[in-house]
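Student: Hey, I've got a protein open on my screen and I'd like to talk it through. Can you help me make sense of it?
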Amino acid sequence: MLTCKRMRTAVILSALLLVFGLVLAALARAMPIVAPAAQIALFLVLAAMLVLALTFLASLFPGTAERLKECIH
C-alpha cells in the first residue's frame, strides 16, 4: 500500500542513493583500489533507479490514485 509518506520516503531514498553513488564514483578515481569502490558506486546508482522505478510502478496500481489524491504538497 503506497501512501504519501511512503512515496516521499522512497523518492528521498532514491535521491540519496544516487548522490552517494555519484560521490563514491568520483572518490573511487582517487582511491588506490578503484574496482571495489566503483562497483559499490554502480550498485548504489542502480539501486536508486530500481527504487524509483518500483515506486513509479506501485503508483500505477488502481487503488493508489485515490490515496495519493489526499496528499498535501
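This is a predicted model: local features need pLDDT of at least 70, side-chain atom pairs count only at pLDDT 80 or more; totals for chains, interfaces and linings use all residues.

Student: Okay! How many helices and strands are there?

Tutor: The count is 3 helices and 0 strands. Going along the sequence, you get the pattern α-α-α.

Student: What radius of gyration does the protein have, and what would a compact globule have?

Tutor: The protein has 16 Å, while a compact globule of 73 residues would be near 11 Å. Along the principal axes, the C-alpha atoms fill a box of roughly 50 × 20 × 10 Å.

Student: And what share of the residues is buried?

Tutor: Buried residues are 23% of the 73.

Student: Switching topic: which residues make the nonpolar surface patch?

Tutor: Ile12, Leu16, Val19, Phe20, Val23, Leu27 and Met31 make it, and the patch comes to about 630 Å².

Student: Let me pick isoleucine 12 from that. Which helix is isoleucine 12 in?

Tutor: Isoleucine 12 is in helix α1, which covers residues 4-28.

Student: Why does isoleucine 12 count as partly exposed?

Tutor: Because its relative accessibility is 47%, and partly exposed runs between the 20% cut-off for buried and the 50% cut-off for exposed.

Student: Got it. Now leucine 44: buried or exposed?

Tutor: Leucine 44 is buried, since its relative accessible area is 18% and buried means under 20%. You'll find leucine 44 in helix α2, residues 34-59.

Student: What does leucine 44 touch, apart from its neighbours within four places in sequence?

Tutor: Leucine 44 is in contact with Leu17, Phe20, Gly21 and Leu24. Phe20 is also one of the residues in that nonpolar surface patch.

Student: How far is leucine 44 from arginine 8?

Tutor: Their C-alpha atoms are separated by 19 Å, and the two residues are 36 apart along the chain.

Definitions and conventions
Residues are numbered from 1 along each chain as its sequence is written. Side-chain values use heavy atoms; hydrogens and water are left out. Patches are made of residues with over 30% relative accessible area and no salt bridge: like charges are joined within 9 Å, nonpolar side chains (Val, Leu, Ile, Met, Phe, Trp, Tyr) within 5 Å. Accessible areas come from the Shrake-Rupley method with a 1.4 Å probe; for residues, only the protein chains shown count as cover. A salt bridge is a side-chain nitrogen of Lys or Arg within 4 Å of a carboxyl oxygen of Asp or Glu. Helices (H or I, at least four residues) and strands (E, at least two) are DSSP runs, numbered from the N terminus. Buried means under 20% relative accessible area, exposed over 50%, partly exposed in between (1.4 Å probe, protein chains only). The radius of gyration is taken over C-alpha atoms; the globule rule is 2.2 Å times the number of residues to the power 0.38. Contact means heavy atoms within 4.5 Å.
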